[in-house]
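Here are my notes on this model. Please read them with the structure open.

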Amino acid sequence: MAQEISSLRKFVAPEIIFGSGARKMVSNYAKTFGAQKVLLVSDPGVVNAGWVVEIEQLLLEEGLDVVRFTQVSPNPRTEEVMLGAEVYLEHGCDVIVAIGGGSPMDCAKAIGIVSTHGTEIRAFEGIDQTTNPIPPLIFIPTTAGTSADVSQFAIISDQQDRVKFSIVSKSVVPDVSLIDPDTTSTMSPFLTACTGVDALVHAIEAFVSTGSGALTDMNALDAIRLINSHLALLVEQPEDKYLREQIMLGSMKAGLAFSNAILGAVHAMSHSLGGFLDLPHGLCNAMLVEHVIDYNYGSAEDRFAVIAQTMGIDTRGLTSRQIQTRLRNHVQALKRDVGLPDTLGKFGVNMSDIPYLSTNAIKDPCILTNPRRSNKRDVELVYEEAL
Ligand SMILES: [Fe+2]
């Protein structure tokens, strides 16, 4: 009986509008939710790119009031969440629209939680800690990678403890995700690379996760195929609309896969690293990914062989060890092609930092679905490999 229960899988997803111009549906959806005053969450980079004023205008044209909240850091902080919730309540907002990358979207989720629970955001760390419904969330991603617009994760940075913590809850899956590849046209090549590698890691970790299932597998494999064949080209030709759309689609599928299958050691370790050094999340993943693949390989050989085949590696006649080597080389080459060849040492990580990083990594919920059960010493060794 226990076995029957553990084979059950749930699949949660927002209502999704995908395609060029999807962002322009924002006022229709806000009105559907009965909005009168919208909290529009974003960050200074997205304001400068011009997307915030466009979305604000669309909402104002339909007679809705808008309150902007754009004081969000690249790794959103607990105090920004608390301030955002204060603004939401002070102005009597009733719907939250977020436009941007993972940072404003995660911050918007956390603002939603605090606005209806009234406590410190850190109290919701972990899995399913919310008790009250949160305001309607309408998200418009402007990067192709984080997938906060489809996921049940919010990652917040606690600067005081120098850690990032995860909130995992169905209640933070947005109500509507308006996924519009046009919005990614303002990403730099570096951001395209970081977010694209993040999406690839989402798909790989979801596929080998102990929480994977039929519904997440099909999304994960298609995401791997799309990102593997289009990301390096997009970094070279950022103006190509077709490539942008393919990467946005890959990112969305990776998001649907990882939101439901959860992730693994790359993310557990990269959350810890990102909290410690305040580095871009995708860059942290890129520095760890092949080392975690090596570490996990023996625990999910068949699944990694399918990943290798999906990335175009001809595995016929190869031993498992040879497939592992080819996969590692392929991932390293892809990282080089998109301009992310760095190692942890370059950003100042020392051997003496590794015990602290590892202590936090093994507390992260993502470690629970890693295909290889891991203790602190295991994680320390992987960080050492990545130095
Ligand atoms: Fe990620």
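1. Arg162 sits in the loop between β7 (153-158) and β8 (163-168). Its phi is near 50°, a positive value in a residue other than glycine. At 39% relative accessibility, Arg162 counts as partly exposed (buried is under 20% relative accessible area, exposed over 50%, partly exposed in between; 1.4 Å probe, protein chains only). Strands (E, at least two residues) and helices (H or I, at least four) are DSSP runs, numbered from the N terminus.

2. This is a predicted model: local features need pLDDT of at least 70, side-chain atom pairs count only at pLDDT 80 or more, and totals for chains, interfaces and linings use all residues. Residues are numbered from 1 along each chain as its sequence is written, and side-chain values use heavy atoms, with hydrogens and water left out.

3. Asp278 also deserves a look. It has a positive phi of about 55° although it is not a glycine. It lies in the loop between α10 and α11.

4. Which residues coordinate the iron ion? They are Asp198 (OD), His202 (NE2), His267 (NE2) and His281 (NE2), at 2.1 to 2.2 Å. Donors are N, O and S atoms within 2.8 Å of the metal (3.2 Å for Na, K and Ca); water is not among the atoms, so sites may look incomplete.

5. The donor residues are spaced D-x3-H-x64-H-x13-H in sequence. His267 lies in helix α10 (residues 265-277) and His281 in helix α11 (residues 281-296), so the pair ties together parts 14 residues apart in sequence. Both His267 and His281 are buried.
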